[in-house]
Amino acid sequence: MKRKLAVLLSLLSLILIFSPLSVHAKDYENEETLTSENIVVYNMDMEFCVYRKNYNEKVSPGSSVKIMTALLALEYFENRLDTIITVPATALRGLEGSAVLSLKEDEEISVLDLIHATLIAGMNDAANTLAFAIGGNMKNFVDLMNAKAKELGAFDTLYLNATGLSSSAYTTAYDTARIAAYAYENKLFMEICSKRFYTVAETNLHPAVTIYTRNSFLTPKSEYYYSNAEGMTTGYSNEDGAQLVCAASHGNYAYMCVAFGSKKDGTGTIGGYSDVKNLLAWASGNYAERKVLDRSQIICELPVRAGKDVAHVLIVPYKSVYAFLDKDEDLSKITLSEQLYYEKLNAPVQKGDCVGFVTVILDGLPIGSTPLIAKTNIRQSFGGGLLLGVEKVVTHPVFIAFFLIALPFLCSFIYKVRKKKLQKNDFQKPDA
């Protein structure tokens, strides 16, 4: 039973890992003020989506593509970030009018500098150079991007290049949140994308140059500055509006907010930045980790056979269950759904033996789960033990098979003995 508990815990963990981002997202009371068309606010500590708006609608990823580009570069060149790459001519084509580091063909530059230029300043020639260094050509690199997206559960995303420029690529706010949350776990990724500036080292064709962040959340002099922002990326196009991906910490929790589609108003202001800041403040003020099931709560009783002076054992949760919920959520609406492996147990029973699991349900949705275990030890009575032993023997498949094979011979033997007895009685009977 101990082994079964370990297996069940592993299965429950996998269910939580691969479950959707949200199971109990709430409405935002100021939703009418939002200018972004597609939004996800995701608590990365609890792996819980606290707000969603058109989160599965396919949109252009824009500059958010560079999150994946830099992420693949960091993983591919892990422990080799000082590798020097020679810039190919193919990495510089089709970038006219976009943000570039002004790299030249045959320029020699380190991987680390290219990743900084890609994440901090959104330099498209740096992103393309990384793509060609990893994939050999853009198609191979794009295949790696899309495979990684699927691996992370971003099933409604299609990348077509390393920059997000001029393509029919698509993603969703939901998918982007999944990818960004994964990138957040990479310490070096976050260290780089949270920098306000960086000096790219001198190359064989250029002197050293300092680049500055294009992320307005990180720029103190910007009207969009956000002191809680930790990094990620921002971008804007007249056709698709803003692509904002912002990581931020509030109190004990880290959040990721993805907001797509906000466009400039009459004054040139992009309301999506306010959307992000207001939603993150709202989430931190309205959500908290709450206990929804205490480990001491008795779920049920199970009958116990052959127990010494005891006929039942109490069943309790293996551990307390917590859920990330609205602070005003009415917990009296919670219901429990238990699944038991046995209708009854045989003594002896050990404290902690796994007998099933319980799911905590709120408004018809599961918000947590834990195994169910026996609360106490129960010893086996002597007489009961003998009866269980006999039962175990006579119900064993080997015994049953042996019995079925021996039964005809036994019947034949009994028949012969009885026949002889009858014949003997007939012989000894006196004549009339």
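In what order do the five strands of the open sheet lie, and is the pairing parallel or antiparallel? The order is β2-β1-β9-β8-β7, and the pairing is antiparallel. Two strands count as paired if DSSP finds at least two bridges between them. Helices (H or I, at least four residues) and strands (E, at least two) are DSSP runs, numbered from the N terminus.

A word on the source: this is a predicted model, in which local features need pLDDT of at least 70 and side-chain atom pairs count only at pLDDT 80 or more, while totals for chains, interfaces and linings use all residues. Residues are numbered from 1 along each chain as its sequence is written, and side-chain values use heavy atoms, with hydrogens and water left out.

## The chain as a whole

The protein chain holds 10 helices and 17 strands. Of its 432 residues, 46% are buried; buried means under 20% relative accessible area, exposed over 50%, and partly exposed in between (1.4 Å probe, protein chains only). Among contacts with a separation of 6 or more, 65% are between residues 24 or more positions apart, where contact means heavy atoms within 4.5 Å.

One place to look is Asn43, whose bridge partner in β9 is Tyr255.

Helix α8 (residues 272-286) lies across β1, β2, β7, β8 (241-250) and β9, and runs at about 30° to β8. For such angles, axes are lines fitted to C-alpha atoms, for helices over the stretch in contact, and angles run from 0 to 180 degrees between N-to-C directions.

## Helix α2 and its two partners

Helix α2 (residues 65-76) and helix α4 (residues 124-135) have axes that come within 10 Å and cross at roughly 45°. This makes α2 oblique to α4; angles under 35 degrees count as roughly parallel, over 145 as roughly antiparallel, 65 to 115 as roughly perpendicular and the rest as oblique. The crossing of α2 past α4 is left-handed, that is, the near helix is turned anticlockwise from the far one by less than a right angle (clockwise would be right-handed). On the α2 side, the contact is made by Lys66, Thr69, Leu72, Ala73 and Tyr76, and on the α4 side by Asn124, Ala127, Leu130, Ala133 and Ile134. These contact residues of α2 and α4 divide into seven nonpolar, two polar and one charged. Here Ala, Val, Leu, Ile, Met, Phe, Trp, Tyr, Cys and Pro count as nonpolar, Asp, Glu, Lys and Arg as charged, and the others, Gly among them, as polar.

Helix α5 (residues 138-151) also packs against α2, at an angle of about 100° with the axes 10 Å apart. That makes α2 roughly perpendicular to α5. From α2 come Val65, Met68, Thr69, Leu72 and Glu75, which meet Phe141, Leu144, Met145, Lys148 and Ala149 of α5. By class, the contact of α2 with α5 has seven nonpolar, one polar and two charged residues.

## Strand β16 and its neighbours

Strand β16 (residues 354-362) is largely enclosed by the rest of the structure, because seven of its nine residues are buried. Strands of a sheet pair through backbone hydrogen bonds, either parallel or antiparallel. Strand β14 (residues 335-340) pairs with β16 in the antiparallel sense over six bridges, and Ser337 stands opposite Thr359 in β16. Strand β17 (residues 365-374) also runs antiparallel to β16, joined by eight bridges; there Val358 has Thr370 of β17 as its bridge partner. Two residues separate β16 and β17 in a hairpin, and Asp363 in the turn has a positive phi of about 55°.

## Backbone details worth a look

Most residues other than glycine have a negative phi, and most peptide bonds are trans. Two residues in the loop between β3 (84-86) and β4 (108-110) are listed below.

| Residue | Phi | Relative accessible area |
|---|---|---|
| Ser102 | about 65° | 42%, partly exposed |
| Asp106 | about 70° | 45%, partly exposed |

Elsewhere, the peptide bond from Ala347 to Pro348 is cis, with omega near 5°. Pro348 lies in the loop between β15 (345-346) and β16.
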